[in-house]
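Subject: Structure handover

Hello,

Here is the structure I said I would pass on. My notes on it follow below.

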Amino acid sequence: QKETTVVTLKNDDKAPVINKNIYGHFAEHLGRCIYGGFFVGDTSKIPNTKGVRNDIIAALKDLKIPNLRWPGGCFADTYHWKDGIGPQEERPTIVNKWWGGVTEDNSFGTHDFLNMCELLETEPYLSGNVGSGTVQELADWVQYTNFSGKSPMSDLRKKNGRTEPWKVKFWGIGNEAWGCGGNMTAEYYAGEYRKFATFMSDWENTGGITRIASGSNSADYNWTEVLMKNIPLNMLGGLGVHHYAVINWNKKGDGVDFTEEQYFKTMQSALKMEELVTKHGAIMDKYDPEKKVAMLVDEWGGWYEVEKGTNPGFLYQQNTMRDAVLAGATLNIFNNHADRVRMANLAQCVNVLQAVILTDKAKMITTPTYHVMKLYAVHQDAKLLPVSFQSPLYTVNGESLPAVSASASKDKNGAIHISLVNVDAKNKNKIEIDVKDLGVKNFTGTILTSAKLQDYNSFDTPNKIVPTVFKGFENKKGKLEITIPPYSVVVLEGK
Ligand code: AHR
């Protein structure tokens with residue numbers, strides 16, 4: 001029997017607000033994410049709005065997705081946006097070099113994406129092409145999407161049927177510049193960034209765009225150091241970091257058929273996020289002590305072998321309770337670092353990697369990760385309540401990880417939300433939280449768990465894993481005593 005973990009919550013006026021953009025998503029031209037996922041075309045029998053599936057729009061609106069990154073990923077540095085505007089039948093094709101070598105017809109382009117974001121009520125985050133594009137091309141894209149006055153690009157936009165600009169705020173200047181974005185050194189990329197950023201204005205001098213640098217590959221701290229040192233802070237709205245939870249890049253393991261040891265290794269890699277945001281954050285603090293520059297973890301999630309029988313270039317994988325635990329624990333890390341982490345993008349939204357939505361022709365299902373995102377939406381734009389506790393350990397083969405993960409916030413109406421994850425795959429954990437001074441009395445709870453860690457929602461059993469009422473706690477005179485089962489995610493609400 002394990003001892004009780006005492007979690008302390010602090011009502012701290014100086015604590016940051018959890019930026020809703022931490023709950024962001026990512027949609028790349030990869031596999032069946034856009035074509036055959038979001039976008040089925042307006043002649044499809046699947047109910048759609050201008051070619052975008054209505055069931056996906058509804059599910060994502062329910063999730064309150066705050067932003068959506070597009071068109072890549074690696075694809076972004078091969079993408080020429082002018083090929084995706086104007087009459088569809090006149091658009092040239094593009095071969096998707098990175099993902100399966102498939103030929104795309106460019107039928108889903110800038111208008112389709114930005115109009116879809118309006119339907120989703122979400123902020124677009126466009127990734128510009130630095131690797132194989134030009135400064136002029138990217139500057140033109142901003143003018144096309146954002147300029148309301150008269151100009152060559154705004155005239156072209158109007159000719160293509162859109163009078164008002166979309167006013168896109170978030171702009172990535174390249175993606176993974178250290179790899180598929182051009183195999184650049186940090187020093188070289190810093191120079192490229194400065195050049196591209198100089199010509200990327202919102203054309204109205206209102207400071208209306210946030211320019212985001214392609215960040216490091218996981219623990220490449222030198223990348224962050226060089227960029228922070230060489231890019232003037234007034235040119236840098238945000239700096240990315242990419243980190244995937246992976247067992248071993250050469251042997252990633254199956255998405256569904258995995259052992260407890262493999263689960264442990266996945267979680268070991270996922271929980272490394274704590275160290276990554278702490279260390280990258282410390283480097284950023286050196287150059288930007290006022291924390292003006294946001295850290296964006298603009299690609300994160302679990303990465304396994306593709307589902308058997310599917311195209312290896314399409315990165316299609318199922319999503320189990322392992323992914324739910326991974327998502328819950330990672331989002332707790334982001335919440336707790338909300339002073340610096342102001343955006344994150346789960347990779348990826350539909351049919352790719354740790355997706356929240358999977359489709360099979362007309363069928364659509366939501367994954368355990370979807371449910372975690374939905375449960376955690378209560379933290380969006382809420383004030384962080386810093387937590388402190390000593391976690392018990394989860395030990396496998398002599399290696400240990402913290403078993404308990406937690407974060408908490410207070411929303412605009414004064415409601416308190418505490419999200420708890422038990423990472424331990426074998427043992428329940430007892431947690432005690434003193435809530436006397438939080439100004440709330442009545443608590444309710446929701447849990448996401450399942451009989452087996454390997455359980456998932458399939459097209460035949462789409463509701464195998466759904467949130468249910470959580471009764472495993474007692475409020476003893478202002479002290480919550482909670483027992484959280486193995487591999488489960490719990491959100492408590494106090495009002
Ligand atoms: O999300 C899949 C790929 O992972 C992205 O295209 C790339 O940026 C990263 O390496």
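Helices (H or I, at least four residues) and strands (E, at least two) are DSSP runs, numbered from the N terminus. On that basis the protein has nine helices and 27 strands. Its radius of gyration, taken over C-alpha atoms, is 22 Å, close to the 23 Å from the globule rule (2.2 Å times the number of residues to the power 0.38) for 495 residues, so the protein is as compact as a globular protein of that length. Along the principal axes, the C-alpha atoms fill a box of roughly 70 × 50 × 45 Å.

This is a predicted model, in which local features need pLDDT of at least 70 and side-chain atom pairs count only at pLDDT 80 or more, while totals for chains, interfaces and linings use all residues. Residues are numbered from 1 along each chain as its sequence is written, and side-chain values use heavy atoms, leaving out hydrogens and water.

Of the 495 residues, 59% are buried (under 20% relative accessible area, 1.4 Å probe, protein chains only).

Now the aromatic rings. Rings of Phe, Tyr and Trp (its six-membered ring) pair if their centres lie within 6.5 Å; planes under 30 degrees apart count as stacked, over 60 as edge-to-face and the rest as tilted. This rule gives 20 aromatic pairs. Tyr-35 and Phe-39 have ring centres 6.1 Å apart and planes at 75 degrees, so they are edge-to-face. Trp-70 and Tyr-79 are also edge-to-face, because their centres are 5.6 Å apart and their planes at 70 degrees. Both Trp-70 and Tyr-79 are buried. One aromatic cluster includes Tyr-35, Phe-39, Trp-70 and Tyr-79.

Regards

Terms used
Buried means under 20% relative accessible area, exposed over 50%, partly exposed in between (1.4 Å probe, protein chains only).
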